[in-house]
Every structure is written in C-alpha cells, then in structure tokens.
Amino acid sequence: MTESALVLFSGGQDSATCLAWALSRFDHVETLGFDYGQRHRIELECRDTFRKALPDDWHQKLGPDHTLALDALKEISDTALTRETEIAMREDGLPNTFVPGRNIVFLTFAAALAYRRGLRHVVGGMCETDYSGYPDCRDDTIKALQVALNLGMAQRFVLHTPLMWLDKAQTWEMAEELGGRKLVCDIVEKTHTCYRGERGALHPWGHGCGTCPACELRARGWAEYETRAHARMHPPSNGKLADD
C-alpha cells in the first residue's frame, strides 16, 4: 500500500521545504495552492518553476498540482495581506498581516481535496518557533483541527507540520539536508516570501523588498544559517574560538 500526501504549497520558502520533506518520505505527493486575493499573489507563479526544478527521482513521485480560489477570505478580512495598506502591529498585539481563519480554512479545504484524491497525509509549513504570533500556526491549533477533520469526515488524516519547532535557520538547514546546496539555491532563486509581492533584485536569501516582516525573517534566518555553516566548516581548535 502506497503512502500518499498533499502538500500545502504556496510557493514560499517554508512550503517548498515541506514539499521536499514530503517527497523524501512518501510514494506519491500532490501540491495545493490557494488564491485568496493576497497582495503577494506572485508567489503562486513561482510554484510551477520550483516544481520543474526538482530532481528526477522526486519528479517520479510528484503528482498533480491543484489551485483553489478562496476569494471569500479577502472579502471578509481587512488585513495588510489582502489590502494595499501599511504593515503594522494591531492594538491586540497581532500584526495586521494576520488573516483570521486562513490556516483553518486552508487545512479544511486541503482535507476535502485529500478525501477526494485518496490522500491520507496533509503537510503544511505552520511554525510556532519563528512566526508572527498567528494563533492558527500553533501546534495546539493543528492538533485540534486534525481531530475535528477526522471526526467530520470519518477519516484518519495525519496533519504534518515538519517546521513546527524549527527556526528559519534550521529550515534552511533542513533544505540542505534534504536536497543539498542545489535545493537551497532553488529555494533562494525560485520561491517567494515577500508580503509586498516584490521580486526585484536577488538578495543572498532570495527576492523581496527586504524590509517587510517576511523578508526580514527570511534574511535573518539566512544569515544565521550561513554563520552556522561557516562554524561547522571551520571548527575551533586548541580550545579557542574560530575568531580568536
């Protein structure tokens, strides 16, 4: 019996890493993206480019890509991800990039598609370590939703969040472990994270405006990843630090 998975693949760093993680574990993997009127909709255009760059052995496992339109999320939300407004913190302590219910809706639709496609495993890039405080990224939320989906659909879905306890540097490290430097380079060049939807110049960590929270987080993670990689390649000797 083959194990099949559906990956929530937005076209960003985290979901690209999750796609590689799934392809290294499951026999058949399909991908799903959502068009909900996000201002960084350009991320959806990166998905096919990244999929095509995957190595041949993973391509043999790669199934169809799906895109679902969820325009209602834009209609009922008033956020910096769905409106041309300045990114800022709200009075309740959450950033105004938080789209209420987004991940809950995403996973519910993903489970419905997985039900129809006969896929048991659903993989998402939610993370509670390096995140913006979004409550629907929390591990408790995902576990509760898994219970609800299995009860509501009489299934035994497994919701996987391989990045849940990783920081952004560790996410880069996971990509390197899964696919070497080629995968890291493909994520840098072919994915998109910037909330403002700017491709612009190619920074060491990827494309983006460089100043929005998503770009800053990705850049900090890259810098730490490079620092850790340098330390591994040049370990201290004689009990002294490498820069002594």
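Two strands pair if DSSP finds at least two bridges between them, and strands (E, at least two residues) and helices (H or I, at least four) are DSSP runs numbered from the N terminus. By that rule, S2 and strand S3 (residues 62-69) run parallel over six bridges, with Phe34 standing opposite Leu68 in S3.

A word on the ground rules. This is a predicted model, where local features need pLDDT of at least 70 and side-chain atom pairs count only at pLDDT 80 or more, while totals for chains, interfaces and linings use all residues. Residues are numbered from 1 along each chain as its sequence is written, and side-chain values use heavy atoms, with hydrogens and water left out.

Back to the strands. S2 also pairs with S1, again in the parallel sense, over five bridges, and Leu6 has Glu30 in S2 as its bridge partner. Going from S1 to S2, the chain passes through H1, and this β-α-β crossover is right-handed (with the strands pointing away from the viewer, the path from the first strand over the helix to the second runs clockwise). Seven of the eight residues of S2 are buried, so this strand is largely enclosed by the rest of the structure. Buried here means under 20% relative accessible area, exposed means over 50%, and partly exposed is in between (1.4 Å probe, protein chains only).

Now the core. A nonpolar core is a set of buried Ala, Val, Leu, Ile, Met, Phe, Trp, Tyr and Cys residues joined through side-chain atoms within 4.5 Å. The largest one has 59 residues, and Val7, Leu8, Leu19, Phe50, Leu107 and Val123 touch the most other members. Elements giving two or more residues include strand S1 (4-8), helix H1 (13-23) and strand S2 (28-35), but H7 gives the most, with eight. Leaving aside neighbours within four places in sequence, Val7 is in contact (heavy atoms within 4.5 Å) with residues including Leu19, Val29, Leu32 and Val123.

Finally, the aromatics. Rings of Phe, Tyr and Trp (its six-membered ring) pair if their centres lie within 6.5 Å; planes under 30 degrees apart count as stacked, over 60 as edge-to-face and the rest as tilted. The count comes to seven aromatic pairs. The rings of Trp222 and Tyr225 have centres 5.3 Å apart and planes at 55°, so that pair is tilted. Both residues lie in helix H8, three residues apart, about one turn of the helix.

| Residue | Relative accessible area |
|---|---|
| Trp222 | 9%, buried |
| Tyr225 | 0%, buried |

Elsewhere, ring pairs link Phe34, Tyr36 and Phe106 into a cluster.
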